[in-house]
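Here's a quick briefing for anyone meeting this structure for the first time. Take a look at the model, then read on.

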Amino acid sequence: MADIGSGPSESLVDPLSPERRHAILDGAGRVFARDGYEGASMAQIAREIGVSKGTLYNYFPSKAALFSGFISASCDQSLKRIFDIPPSDNEPEETLFRAGKSILEMMLSPFRQAIHRMVMSEAGQFPELARAFFEAGPQRGLNYLSHWLRQETAAGRLIVPDPDFAAEQFFALCQTKLVMRARLRLIETADPAESERVVAGAVSVFLKAYAPAQPRAYGVAPIQHN
């Protein structure tokens with residue numbers, strides 16, 4: 001079985017620069033996607049990155065910590081910058097549309113699809129893996145969105161009684177039609193125009209439920225069903 005416990009530690013460790021951290025997490029993600037969680041080892045990841053195993057353990061005490069760091073960094077890159085804005089800077093539909101596009105792009109990315117399949121296939125043997133993935137990825141994204149929804153509600157631009165639940169709803173709406181088909185490999189890529197229609201539909205449905213007044217139609221025409 002691949003190592004899942006903690007490795008050696010040192011009392012004095014040089015600070016990890018953002019560039020170095022990104023390189024480590026990017027290399028770890030490639031190994032996890034290629035070899036799976038159980039098949040990946042800290043030694044393999046260290047070779048992929050070009051550092052010693054001891055150096056890797058200095059910054060990440062376990063494979064689980066490294067995996068969690070990779071997932072949370074991916075989520076931050078995709079979503080944190082979108083919602084980390086003052087409530088008055090953009091119209092709610094504009095922010096939601098940008099967020100929806102990022103959510104859908106993230107879910108349809110072949111690399112992230114590989115990570116998702118890896119987690120699903122190994123969750124039975126490594127339940128802590130599924131928890132780490134959810135808390136560092138989906139839950140983190142939901143927290144960003146629910147915090148923003150609270151800000152918008154306080155500003156009177158939206159009326160959202162339960163921001164946590166509403167955040168789950170928006171993430172689910174953004175998965176309409178395309179994400180399940182991609183996970184089952186029924187489609188290889190999504191047409192950009194179709195992706196925009198999915199997101200526009202998600203924003204429209206969401207604002208009909210939570211906007212204080214009837215929102216304007218956003219972006220593109222409604223989704224056509226085959």
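**A quick tour**

H116 is found in helix α6, and that's a handy place to start. Keep in mind that this is a predicted model. The chain has eleven helices and zero strands, and H116 turns up again below at the largest pocket, where it is among the lining residues closest to the centre.

**H116 up close**

- H116 counts as buried because its relative accessible area is 17%, and the cut-off for buried is under 20%.
- Set aside the neighbours within four places in sequence, and H116 is in contact with F133 and R183.

**The overall picture**

- Reading along the sequence, you get α-α-α-α-α-α-α-α-α-α-α, with zero strands anywhere in the chain.
- The chain has 226 residues, and 43% of them count as buried.
- Take the contacts between residues at least 6 apart in sequence: 72% of them join residues at least 24 apart.

**The largest pocket**

- The largest pocket has a volume of about 610 Å³.
- It is lined by 26 residues, and the ones closest to its centre are M107, H116, F133, P138 and R183.
- Which elements give two or more residues to the lining of this pocket? They are α4, α5, α6 (110-122), α7, α8 and α9.
- Helix α6 gives the largest share of that lining, with seven residues.
- Sort the lining by class and you get 17 nonpolar, six polar and three charged residues.

- F133 sits in helix α7, which covers residues 127-136.
- Is F133 buried or exposed? F133 is buried, since its relative accessible area is 16% and buried means under 20%.
- Leaving out residues up to four places away in sequence, F133 touches F67, I71, I115, H116, V119 and P138.
- Two of those partners, H116 and P138, join F133 in the group of lining residues closest to the centre of the largest pocket.
- F133 and S72 are 61 residues apart in sequence, but their C-alpha atoms are 8.3 Å apart in space.

**The nonpolar cores**

- In soluble globular proteins, nonpolar side chains tend to be buried together.
- The largest nonpolar core here has 34 residues, and L96, L145, L149 and F170 have the most contacts inside it.
- The elements that give two or more residues to this core are α4 (63-83), α5 (92-108), α8 (138-154), α9 (163-173), α10 (179-183) and α11 (192-210).
- Helix α11 supplies the largest share of this core, at eight residues.
- What does L145 touch, not counting residues up to four places away in sequence? The list is F83, L96, A167, F170 and F171.
- L96 and F170, both on that list, are also among the residues with the most contacts inside the core.
- Apart from this core lies another one, made up of 28 residues, and F32, M42, F60 and F133 are among them.

**F111, also in α6**

- Like H116, F111 is found in helix α6.
- How does F111 count at 30% relative accessibility? F111 is partly exposed, because 30% falls between the 20% and 50% cut-offs.
- F111 touches G29, R30, A33 and F70, once residues up to four places away in sequence are left out.
- F111 and R30 are 81 residues apart in sequence, and 8.4 Å separates them from C-alpha to C-alpha.

**Two loop residues with positive phi**

- K177 lies in the loop between α9 and α10.
- The phi of K177 is near 70°, a positive value in a residue other than glycine.
- K177 is partly exposed, with a relative accessible area of 25%.
- R185 is placed in the loop between α10 and α11.
- R185 isn't a glycine either, although its phi is positive at about 60°.
- Which way does R185 fall, buried or exposed? R185 is exposed, because its relative accessible area is 56% and the cut-off for exposed is over 50%.

Technical notes: Residues numbered from 1 in each chain as written. Predicted model: local features only at pLDDT ≥ 70, side-chain atom pairs only at ≥ 80, totals over all residues. Heavy atoms only, no water. Core = buried A, V, L, I, M, F, W, Y, C linked by side-chain atoms within 4.5 Å. Buried < 20%, exposed > 50% of the residue type's maximum accessible area, 1.4 Å probe, protein only. Helix = DSSP H or I, 4+ residues; strand = E, 2+ residues; numbered from the N terminus. Contact = heavy atoms within 4.5 Å. 1 Å grid on protein atoms, 1.4 Å probe; cavity = no way out; pocket = protein on both sides within 12 Å on 5 of 7 lines; lining within 4 Å. Points joined across faces, edges and corners; volume = space filled by probe spheres on them. Nonpolar A, V, L, I, M, F, W, Y, C, P; charged D, E, K, R; others polar.
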